[in-house]
Amino acid sequence: MSLVQTLITQDSAIISELYDVVDALSKISRRPGSPESLPQLLEIARSNANNAPGFAFGKDEKAIQSKDKKVLFSRTNKEENSVNDTTHADSISFQEQVAHLFSEWCQVCDHPSASDAAYSRYVMQLQHIGLLKGDEFTERFFRVLTELAVTHSLISEQIVAPGGLSQHSSHISYLPIDSYSKLVSMVLKYSSVEIGPNKGGLLSKILSVTVRVIQKDAEEKKTSFNPRPYFRLFINWLNDLTTSDVHHDGANFQVLTAFANAFHALQPLRIPGLSFAWLELVSHRTFMPRLLTCNLQKGWPLFHGLLVDLFKFMEPYLRNAELVEPVHLLYKGTMRVLLVLLHDFPEFLCDYHFSFCDVIPSSCIQMRNVILSAFPRSMRLPDPSTPNLKIDLLPEITKAPRIMSDFEGALRSKHMKADVDEYLKRPDGSSFLSDLKQKLLLPQNEASIAGTRYNVPLINSLVLYIGIQAVQQLQLNKANASASAQQINHSQMDIFQIETATDFFRNLVTNFDTEGRYLLLNAIANQLRFPNNHTHYFSFIILYLFAEATLENVQEQITRVLLERLIVNRPHPWGLLITFIELIKNPRYNFWNRSFTHIAPEIKMLFESVAKSCAGKAADDVPDGSH
């Protein structure tokens with residue numbers, strides 16, 4: 001303690017090298033039982049720091065003190081009269097003070113001898129004049145800084161042509177943005193002010209301010225809104241503030257969470273002009289992989305929400321096939337992100353497949369196929385075209401997949417879950433099925449917006465929920481039968497064990513119109529994924545519906561749902577391939593004798609081509625003559 005006191009009191013020039021020591025002493029002085037002489041020593045240190053050579057960054061001490069008094073005077077006015085504070089803080093005087101501080105910071109960054117010591121001294125200056133307390137005054141300070149940095153960057157894009165006319169140049173100077181982003185990074189690194197339990201609160205405030213500035217800028221400029229400065233700002237922060245070091249997982253997750261919340265607030269539905277920059281930000285190597293790997297997958301729900309934000313924005317364009325050039329580029333970018341996830345984080349797509357399929361239109365087949373093709377990296381998929389492949393004997397086929405989506409949400413929101421449970425327990429005499437079709441219809445105003453008469457998320461929720469209940473009941477029946485030493489035929493699912501669920505699916509397929517039936521069959525096909533008991537069950541259901549259908553148009557529609565997912569480019573879900581191969585090879589389904597398979601030569605060639613690509617020589621059994 002005596003050594004520190006000697007250094008501080010006798011050599012003011014060394015203060016800049018003792019910033020961390022002074023910072024630590026400042027924290028100790030706030031604890032109970034700290035030495036009584038410590039506050040006095042800290043006061044001497046602060047006084048010497050202000051008088052230290054170079055601390056004023058080229059300004060004399062009187063100018064710094066005068067500026068400090070102005071800022072502190074504004075804070076005093078704030079406490080005395082909060083009504084006039086907004087007017088004062090937003091006045092030209094305040095903005096000039098902030099502009100002056102920002103100019104000083106840019107000079108510090110540009111100085112050849114710039115170092116961490118110089119940065120820490122500047123942050124200490126901001127802290128000393130009360131700009132980093134994390135209050136409303138701090139928010140206004142960073143708001144003006146953000147606006148200044150963006151304005152200076154965009155002004156550099158203006159050039160004056162002969163005749164005095166202003167033109168736009170393709171060049172934009174990012175120096176003001178880079179300087180501001182570095183200031184924020186240094187404030188978070190060196191500021192000793194405790195805001196809440198940690199400095200994450202200050203970052204959240206700064207990001208919140210940035211979001212409001214972007215929203216205001218986009219609203220005012222409309223189509224002339226330029227997202228490039230903001231994109232550069234976020235990229236700089238992601239590079240500076242996040243890390244791949246697993247030893248800092250907790251702190252890293254807190255920072256990434258703050259960015260995820262900011263990106264959610266800036267989603268394309270709210271700021272369409274930011275869409276391309278937003279997609280690149282959420283998929284950036286410093287954000288997406290770190291969010292998905294840190295803190296035991298706690299970042300998965302956050303990134304899931306961001307992907308849903310993206311799909312919701314694109315849904316109307318994809319549903320109506322309005323792929324104008326910007327939307328087409330955004331679609332290609334989205335597909336690339338999904339392919340990266342399929343390769344690096346397939347379990348993420350597996351766990352959230354349900355909610356993704358909820359917001360992807362049924363016409364967007366390849367995008368949905370990519371998601372449904374995901375399977376755990378620990379699993380090795382058997383070749384679907386293997387002769388005499390016994391699906392029932394696969395060890396994975398009895399295991400339930402993990403589903404992190406809230407697949408019961410739509411049922412709960414429509415207060416239907418209790419009715420479904422009651423129907424499954426006591427189907428006899430229930431009016432559930434007779435009333436169901438009407439409950440699945442949307443009001444006319446909602447139907448015109450959604451582009452369909454049916455509540456698609458509700459159909460998806462109902463199908464998966466009833467399927468899961470049937471699988472659980474089937475497993476319970478098998479367990480009880482095994483305990484009773486009864487013989488179970490594992491080669492097929494016994495109808496009587498899942499009779500209520502199959503009655504449900506058969507009733508809807510029969511009574512739905514063409515649109516409703518198509519949506520129902522798509523909801524079933526969405527569960528044909530990697531080997532698991534859901535895939536096994538829903539494969540059985542769709543084949544059962546084909547075999548039991550009394551109308552060929554139902555069989556044709558089932559075939560269409562499967563076929564349209566197979567004729568697009570790979571990847572194709574394993575469960576989809578298994579189901580289609582079983583349909584065309586098993587004589588029970590008499591597939592090749594159905595009239596729709598040879599209604600035209602090109603249709604026949606299409607079926608045979610898909611059959612060969614799916615099952616090798618599966619189509620060789622097709623007679624050469626007419627069917």
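Helices here are DSSP runs of at least four residues, numbered from the N terminus. Keep in mind that the model is predicted.

**Exercise 1.** Find where Pro-571 lies and what kind of peptide bond joins Arg-570 and Pro-571.

*Solution.* Start with the place: Pro-571 sits in the loop between helix 28 and helix 29 (574–585). Then look at the bond to Arg-570: it is a cis peptide bond, with omega at about 10°.

**Exercise 2.** Work out how helix 28 compares with its expected span, and whether it is mostly covered or open.

*Solution.* First, the length: helix 28 has 15 residues and spans 21 Å from first C-alpha to last, close to the 21 Å expected at 1.5 Å a residue. Next, the covering: eleven of the 15 residues are buried, so helix 28 is mostly covered, where buried means under 20% relative accessible area. Among the buried ones are Val-554, Ile-558 and Leu-562.

**Exercise 3.** Describe the lining of the second largest pocket.

*Solution.* Begin with the count: 35 residues line this pocket, and Glu-315, Asp-358, Thr-452, Val-456 and Pro-457 lie nearest its centre. Then sort them: 14 are nonpolar, eleven polar and ten charged. Finally, ask which helix gives the most. That is helix 15, with six residues. Helix 28 (552–566) is one of the helices that supply at least two.

**Exercise 4.** Decide whether Gln-297 and Asn-388 are exposed or partly exposed.

*Solution.* Exposed means over 50% relative accessible area. Gln-297 has 33% relative accessibility, so Gln-297 counts as partly exposed. Asn-388 reaches 70%, so Asn-388 counts as exposed. Each has a positive phi without being a glycine: about 65° for Gln-297 and about 55° for Asn-388.

Key
Residues numbered from 1 in each chain as written. Predicted model: local features only at pLDDT ≥ 70, side-chain atom pairs only at ≥ 80, totals over all residues. Heavy atoms only, no water. 1 Å grid on protein atoms, 1.4 Å probe; cavity = no way out; pocket = protein on both sides within 12 Å on 5 of 7 lines; lining within 4 Å. Nonpolar A, V, L, I, M, F, W, Y, C, P; charged D, E, K, R; others polar. Expected span 1.5 Å × (residues − 1). Buried < 20%, exposed > 50% of the residue type's maximum accessible area, 1.4 Å probe, protein only.
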